[in-house]
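Biologist: I would like to go through the labels on this model one by one. Please give the rule behind each.

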Amino acid sequence: MIRLEQVTRYYGNTIAVNELSLEVSQGEVCVLIGPSGCGKTTTLRMVNRLIEPTAGHIFINGQDNSQIKPERLRQSIGYAIQSVGLFPHMTVAANIATVPELLHWEKSRIASRIEELLILVGLNPAEYARKYPNQLSGGEAQRVGVARALAADPPILLMDEPFGAVDPLTRERLQSQFARIQQKLKKTTILVTHDLDEAIRLADRIAIMASGKLVQYDTPETILSRPANKFVHDFVGTDRALKRLSRISIQSVIKPSPAIVMDVSIEEAVSVIGSRPSVWVVADDGRFIGWVDMTSLSAATSVREAIVPGDVDEIAITASATLREALSRMLGQGLRNIPVVDEKKHFIGEVTLSDVEAVTAETAETGA
Amino acid sequence: MIRRFISRDSVALVGSIIGLSSVLPGWLTLKPSRIVAGTSLRLWQSSDWEGSTVILGLWLLCFVLSLLRGSKLSALMLGTAANLIIIVTFLLAGLVASNLLEGAAPSARVSLGAGIWMTLGGAYVVIFAARQRLPDSPLWRNLVSWAGLAALGVLLTIGWLGNLSILQEFSGREERFVQELLQHLFLFGSSVAAGTVLGILLGIRAARSTGAAGPIFFISNITQTIPSLALFGLLIAPLSALSFAFPVLREFGIRGVGVAPAIMALIVYSLLPVVRNTYVGFHQLDPGVIDAGRGMGMSRGNIFRKLEVPLAAPLILEGVRTAAVQSVGLTAVTALIGAGGLGWFIFQGLGQAAADLILLGAIPIIVLALLVDAVMRAIITLATPKGLGVGKQ
Ligand SMILES: Nc1ncnc2c1ncn2[C@@H]1O[C@H](COP(=O)(O)OP(=O)(O)OP(=O)(O)O)[C@@H](O)[C@H]1O
Ligand SMILES: [Mg+2]
């Protein structure tokens, strides 16, 4: 748990952080966001004493951090930054081993930890452990940076724009990977970002800052539906209804839907379709294959022939996806309903555009 | 296509042209005695036609090869030809000198003329160019760089060149030569060592505090612009005053002239390159790297030892290399204020107008500078951490 109490930091006469109070509960992700120069980095770096506050106190699990020796404090807090700062003269493995070595872990323990972490961040240890940072892509370097921050299994994680310096697609992947890791590890995290979508996606709570002050500190849902003032209102923008969809899981709108296997007769297929526009087709083991509709059936001699094949990765969506992803997939593929599959790509049900619209309208009302 | 064909190695071309024009001036000079002007002999006058043809042919080969810049193979051939030129030149010089002196008066001398120096100079320009094009094969690079010099070493030890005037100057002065060589090594070695330590300390200080950087660079830049002789002069007065005030200091060699001012001046000269490179080495460090180290709980000492030093080492050593190579040459001047060193032969030779005596001092200094340069380069390669040089695989 991290608690900031009336923390102030001056640089000469400019005030970078102004009487900021903030509490991050155990296992929660707090995202700091706000215009450039509003004091996010300064706030973050005061937690691990890279910067000392001019006034105020910061408590880590109830203990005033100014009472803890800076080196020891920092070794117990994971730290990842935008520029990554991998040590260019050390291998990926040696980079990750930094804090464990400072803590005098045994060699064998360090080695197995390196392997474990590389797997966690999705890099093959056999391939990557001995590489040097200049042999990594930007995204790979960021992942090694995260692995290094997690090396000694610190309960707290500080991240300053950790996914800032990579292309949008890679950032997207890193974010979902981080979300997965965080779900598993439950680190108490403060993360700084410029990207509101990233904040909404990853935060348990968002702290919006302006000119060194905390403007609003709330769950993403509340920030989006009830901005505290005009500044927050403008900051989250006019598309906040859409943004809010990325906080809502499709779980509540997944509907069971009939599906046929390939060997059924055309008559059976037609009867299953009934008044529906189409029906999904699955393999014998339940894997999603595609769909058939009246038009495709009428031109075919068997169901097998009538199947419109669908690439699972392009049209189907997993049960853990958000409404926003479902919506963007429907719009992108021009479909009024899309199939939902589990991790093994087995068909579960479907989501329809009208249901998504209904939920959107509902949240828009409560948010107004 | 045509561009490709005429794309040439202009450095090698310059070397080849120097080499080809070396046939114009005299190659060897036959003198009745060591300081009297003698008769100058061209390449074809000083050797039989076979020898001349081999050298001329090799130079023509170099010329053509440098017009057809291309593969590694052509670079290798260039390097080989240039080394052969060096070896054949010395073989000829030794042989011809013995022939010329046969039956001549004992005071007669055969000295190397401008033509030979031009050929050697041209050959090393070509070797330099060839080396540049053999970057990924250290074995060949070293072979191309050192084969000629190694052959010269062999010829010297077996006495093949004993009839050349410069070696006749050497014989009879062996003891003095060894003494001055050791003195030279001592002067340059101790001053570079001290300059390195001091320079690194000052460089780090300058990199750490902006307040200190100004004055440190002001002083080390100024000293660099004072001519060396003037600096020795400036040091003589205070040091002799000091030694008169405290005669006990003389026992440690602290006098107005001699070793003390020489070493002090040499230290001052070796300072700037080391200070500058240390400063840059520490300043160019990626702030993200240091911040990450701090953020993970590395202590100041840890950051210094594990991050800053290994990352700045290649640049610092580059500064030491510059300082060392420069000092080898500068140390020659210290002979003027009685500190000794190989410069002693140069100034003796200048006084007596004996060119060969000058060379006896100058040539070992050049060889020493080349050796120091090569050794420092090897050290730098070893000290450069993997991961700084390796590109993407
Ligand atoms: N070392 C420093 N010296 C002087 N002023 C500083 C220093 N560091 C930060 N500031 C000032 O403090 C304020 C807050 O800086 P900070 O880096 O915390 O902002 P930020 O919110 O992280 O900005 P960004 O989004 O651009 O990273 C800025 O006005 C900045 O100019
Ligand atoms: Mg910042």
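Biologist: How many bridges join strand β1 of chain B to β2(B)?

Modeller: 3 bridges join β1 (residues 28-31) of chain B to β2(B), and the two run antiparallel. Two strands pair if DSSP finds at least two bridges between them, so these two count as paired. Strands (E, at least two residues) and helices (H or I, at least four) are DSSP runs, numbered from the N terminus.

This is a predicted model, in which local features need pLDDT of at least 70, side-chain atom pairs count only at pLDDT 80 or more, and totals for chains, interfaces and linings use all residues. Residues are numbered from 1 along each chain as its sequence is written, chains are lettered from A and ligands numbered from 1 in the order in which they are written, and side-chain values use heavy atoms, with hydrogens and water left out.

Biologist: What makes β2 and β3 of chain B edge strands?

Modeller: The open sheet has 3 strands in the order β2-β1-β3 (chain B), with antiparallel pairing. β2 (39-41) and β3 (109-112) of chain B each have a single partner strand, so one side of each is left without a neighbour in the sheet.

Biologist: Why is the contact between Asp234(A) and Lys230(A) called a salt bridge?

Modeller: A salt bridge is a side-chain nitrogen of Lys or Arg within 4 Å of a carboxyl oxygen of Asp or Glu. The closest N and O atoms of Asp234(A) and Lys230(A) are 2.6 Å apart, so the pair meets the rule. Both residues lie in helix α11 (residues 230-236) of chain A, 4 residues apart, about one turn of the helix.

Biologist: Why is Lys230(A) called exposed, and Asp234(A) partly exposed?

Modeller: Buried means under 20% relative accessible area, exposed over 50%, and partly exposed in between (1.4 Å probe, protein chains only). Lys230(A) has 59%, so it is exposed. Asp234(A) has 44%, so it is partly exposed.
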